[in-house]
Amino acid sequence: MKLETLALHAGYAGDPTTHAATTPIYQTTSYTFDDTQHGADLFDLKVAGNIYTRIMNPTHAVLEQRLTEMEGGVGALCVASGMAAITYSIQCVTDVGCNVVSTSQLYGGSYNLFAHTFPRQGIEVRFASHDDYAGFESLIDDKTRALFCESIGNPAGNVVDIAKLGEIAHRHGVPLIVDNTVPTPFLCRPFELGADIVVHSLTKYIGGHGTSIGGAIVDSGKFDWVANAKRFPMLNEPDPSYHGVVYTEALGPAAYIGRCRVVPLRNTGAAISPFNAFLAMQGLETLGLRMERHCENAQRVAEHLQRHPRVEWVSYAGLPDSPYHGLCQKITGGKASGILSFGIQGGKEAGARFIDALQMILRLVNIGDAKSLACHPATTTHRQLGQEELIAAGVREDMVRLSIGIEHVDDITADIDQALAAAV
Ligand SMILES: *Cc1c(COP(=O)(O)O)cnc(C)c1O
């Protein structure tokens, strides 16, 4: 089936006891065992079934199956937030002394995790610009366990050549992890381009209504953990934290996502709630329609800003003169999602006045809501970064980031115009 259909139907064939048409919210902490043997078999991963909602839940399972099919993978794991998904996606394949190589153009939370938190836990993250392929490759050594990038960077709006980074990763026997939050599977399917693992913040376009936080990891099942067993002993040797299971033997191509569930999630516990998983599914149902409108509106707003005499620069990969226009054709078929950024005459102060003058567009730090949103990254999401780090992250001091919603485009441009008039 096609994505629009999977978004509505995948993973749920109806509830045999209640005939509920919509996936129910299974608001339960735990599940009964038929007998002690059944319990033991569940713990040994010998039979499929539910044990405890920190690790699995039937509502989560439907969302996980839906995301698996939409990304074209073998399995998914939903967790409490996008940040938890990113943390677990890396913790699943790293130990103290290992490193990860990442693009420097990242969501502010991911940058903080990589630059500050992981290093204090003994996992080094090395940064290179997303288009410096030689630099990227030179950072990989025998302690490298993954490459990481965002398919479309938030807030820089840079588009990443996933195929090229995938080739580099595979030449060195490591997986490529792609944060696909900004384009969503409707615009970009990283597995088809050579990515091995996809992570999502469900909080953004997938949820789509600004109601709930959630995250997901999706496994393509294509990375050969066995051939690269030296780098990945955690997937190829008996796990004492899970009574000696060898994940590649017990779970085959789903070894990675299985270990994400029974090690990082089970042992550190950032579980999503059944209610938030339910809300993410309500969003997912209309994601295809919303993405079309987000892209259409953002394209119109970018063109409008580009023509505006008070606007100095506009960054949106849908604009023909964007340095990312060509790559955007390659990875999303030319649809650049709903995030754009720009700078106005008068720099940082005028940018702040612009944001303060907005009447309909909301002042907040989020993206992907059905409503249009505005923020000033240099004073909010990226405020802890120094001048050089800001440049590496692709964040200019005067940058205003807009997440264009699905309102009528004339109302969006009208609010922008009156705020520009007030600011400059
Ligand atoms: C928001 C965001 C995250 C983090 O997601 P949360 O659900 O807020 O934890 C990660 N990556 C990108 C690209 C994001 O926009």
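Helices (H or I, at least four residues) and strands (E, at least two) are DSSP runs, numbered from the N terminus. The model is predicted: local features need pLDDT of at least 70, side-chain atom pairs count only at pLDDT 80 or more, and totals for chains, interfaces and linings use all residues. Residue numbers start from 1 along each chain as its sequence is written, and side-chain values use heavy atoms, without hydrogens and water.

**View 1. The shell around the ligand holds 15 residues.** The closest are G82, D179, S201, T203 and K204. Helix α4 (residues 82-91) gives the most, three residues.

**View 2. Polar atoms of G82, D179 and T203 face the ligand.** A polar contact pairs N or O atoms within 3.5 Å. A polar backbone atom of G82 is 2.8 Å from a ligand oxygen. A polar side-chain atom of D179 lies 2.6 Å from a ligand nitrogen. For T203, a polar side-chain atom is 2.6 Å from a ligand oxygen. The ligand alone exposes 380 Å², and the protein buries 94% of that (Shrake-Rupley, 1.4 Å probe).

**View 3. Helix α4 is largely enclosed, because eight of its 10 residues are buried.** Buried means under 20% relative accessible area (1.4 Å probe, protein chains only). Among the buried residues are G82, I86 and Y88.

**View 4. Strand β4 (residues 144-150) pairs with β2 and β5.** Pairing takes at least two DSSP bridges. β2 (residues 99-103) runs parallel to β4 over four bridges. V100 stands opposite A146. Four bridges also join β4 to parallel β5 (residues 176-179). There, E150 stands opposite D179.

Methods. Near = heavy atom within 4 Å. Polar contact = N/O pair within 3.5 Å; in protein donor to acceptor, adjacent residues only side chain to side chain. Buried < 20%, exposed > 50% of the residue type's maximum accessible area, 1.4 Å probe, protein only.
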